[in-house]
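Please keep the sequence and the structure in view while reading.

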Amino acid sequence: MLVNATEMLQKARDGHYAVGQFNINNLEWTKAVLLTAQEMNSPVILGVSEGAGKYMTGYKTVAAMVKAMVETLNITVPVALHLDHGSYEGAKACLEAGFSSIMFDGSHYPIDENVAKTTELVKLAHSMGVSVEAEVGSIGGEEDGVIGAGEVADPAECKRIADLGIDFLAAGIGNIHGKYPANWKGLDFDALDKIHQATGGIPLVLHGGTGIPADMIKKAISLGVSKINVNTECQLSFAAATREYIEAGKDQQGKGYDPRKLLLPGFEAIKATVKEKMELFGSVNKA
Ligand SMILES: [Zn+2]
């Protein structure tokens, strides 16, 4: 059974650890993340971007696959199915499709419009028991064609959005989606601390978790970050393992071309990455 992400993130905040959001792209990804969460006895959030949702033929397909897989794999740890960087229309579509959590990313709207749309979606989502993540300010890098400038959110705007009854808040603190540039300045902990103080202890979300050094992750958790999004890192480890398999000519040996064999090293690589992140975030045995 899917749960919303509210309780698991409140527990994470109170217990000073973070729950990983791992974005999924297909069956192998989903199976790898779910099985690792169960093995690690960790709560988990499956993230679905609008692009990945389209790729998997729609949110209904995703919700049906995830629900069935949780049941058939006997997954008993808390699992939330969460829309990542949702538009207003996307958020509504996911509510209808049976997601247990949504992000409405109104960060590119003027703050008043972000407030209005977030307010409406919170009311609708909460009436269905679904948790809501909202975002203030833009987070750097590119995700599904959306480019941000690595901005740092304004604590007063964060408070305005947090006060709308949302369940957790994404706020830019110098983090970037995708690979970090060599000249990246690191996370802005001063900004994080101010946002944490201004928002009354609401669980905070760190996007762009790939490539942030472990000590910065730990410090961010100590300053109120309770959810960390990991996407690119699983893609990189999947691609590297798959390339190694093909470069070694294994797809040309026996039935090595069988997709169940061809995709296995990438599947194992995703599992290893997810395990490593759960250990770093401190969510092991917190289910
Ligand atoms: Zn993000």
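Q: Where is Ile166 placed?
A: In this predicted model, Ile166 sits in the loop that joins α7 to β8.

Q: What makes Ile166 count as buried or exposed?
A: A residue is called buried if 20 or more other C-beta atoms lie within 10 Å of its own. Ile166 has 26 C-beta neighbours inside 10 Å, and therefore it counts as buried. Leaving out residues up to four places away in sequence, Ile166 touches Thr118, Val122, Val132, Glu133, Ala134 and Ile161.

Q: Why does Thr57 count as exposed?
A: Exposed residues are those with 12 or fewer such neighbours, and Thr57 counts as exposed because it has 10 C-beta neighbours inside 10 Å. Thr57 lies in the loop between α3 (50-55) and α4 (59-72), and its phi is near 75°, a positive value in a residue other than glycine.

Q: How do you know that Asn74 counts as exposed?
A: The cut-off for exposed is 12 or fewer neighbours, and Asn74 has 7 C-beta neighbours inside 10 Å, so it counts as exposed. Asn74 is found in the loop between α4 and β3, and its phi, near 55°, is positive although the residue is not glycine. Most residues other than glycine have a negative phi.

Q: Why is strand β3 described as largely enclosed by the rest of the structure?
A: Eight of the eight residues of β3 (residues 79-86) are buried, and so the strand is largely enclosed by the rest of the structure.

Q: Which strands pair with β3, and in what sense?
A: Strand β2 (residues 44-49) pairs with β3 in the parallel sense over six bridges, and within this pairing Leu46 stands opposite Leu81 of β3. Strand β4 (residues 101-104) also pairs with β3 in the parallel sense, over three bridges, and here the bridge partner of Gly86 is Phe104 in β4. Together with helix α5 (residues 88-97), β3 and β4 make a right-handed β-α-β unit.

Q: How do you know on which side of α7 its buried residues lie?
A: The buried residues of helix α7 (residues 155-162) are Pro155, Cys158, Ile161 and Ala162. They cover an arc of only 120° around the axis, and so they are on the same side of α7. An α-helix has 3.6 residues a turn, so residues three or four places apart point the same way. The buried residues of α7 pack against α6 (111-127), β5 (131-136), β8 (168-171) and α8 (189-198).

Q: Which residues touch the most other members of the largest nonpolar core?
A: The largest nonpolar core has 77 residues, of which Val33, Leu46, Phe99, Ile102, Leu169 and Ala171 touch the most other members. Ala171, leaving aside its neighbours within four places in sequence, is in contact with Val136, Gly137, Ala153, Cys158, Ile195 and Leu204.

Q: What makes the protein chain as compact as a globular protein of its length?
A: The protein chain contains 12 helices and 10 strands. Its radius of gyration is 18 Å, which is close to the 19 Å that the globule rule gives for 287 residues, and therefore the chain is as compact as a globular protein of that length. Of the 287 residues, 49% count as buried.

Methods: Residues are numbered from 1 along each chain as its sequence is written. This is a predicted model: local features need pLDDT of at least 70, side-chain atom pairs count only at pLDDT 80 or more; totals for chains, interfaces and linings use all residues. A nonpolar core is a set of buried Ala, Val, Leu, Ile, Met, Phe, Trp, Tyr and Cys residues joined through C-beta atoms within 7 Å. Two residues are in contact if their C-beta atoms, placed from the backbone, lie within 7 Å. Helices (H or I, at least four residues) and strands (E, at least two) are DSSP runs, numbered from the N terminus. Two strands pair if DSSP finds at least two bridges between them. A crossover is right-handed if, with the strands pointing away from the viewer, the path from the first strand over the helix to the second runs clockwise. The arc is that of the directions from the helix axis to the C-beta atoms. The radius of gyration is taken over C-alpha atoms; the globule rule is 2.2 Å times the number of residues to the power 0.38.
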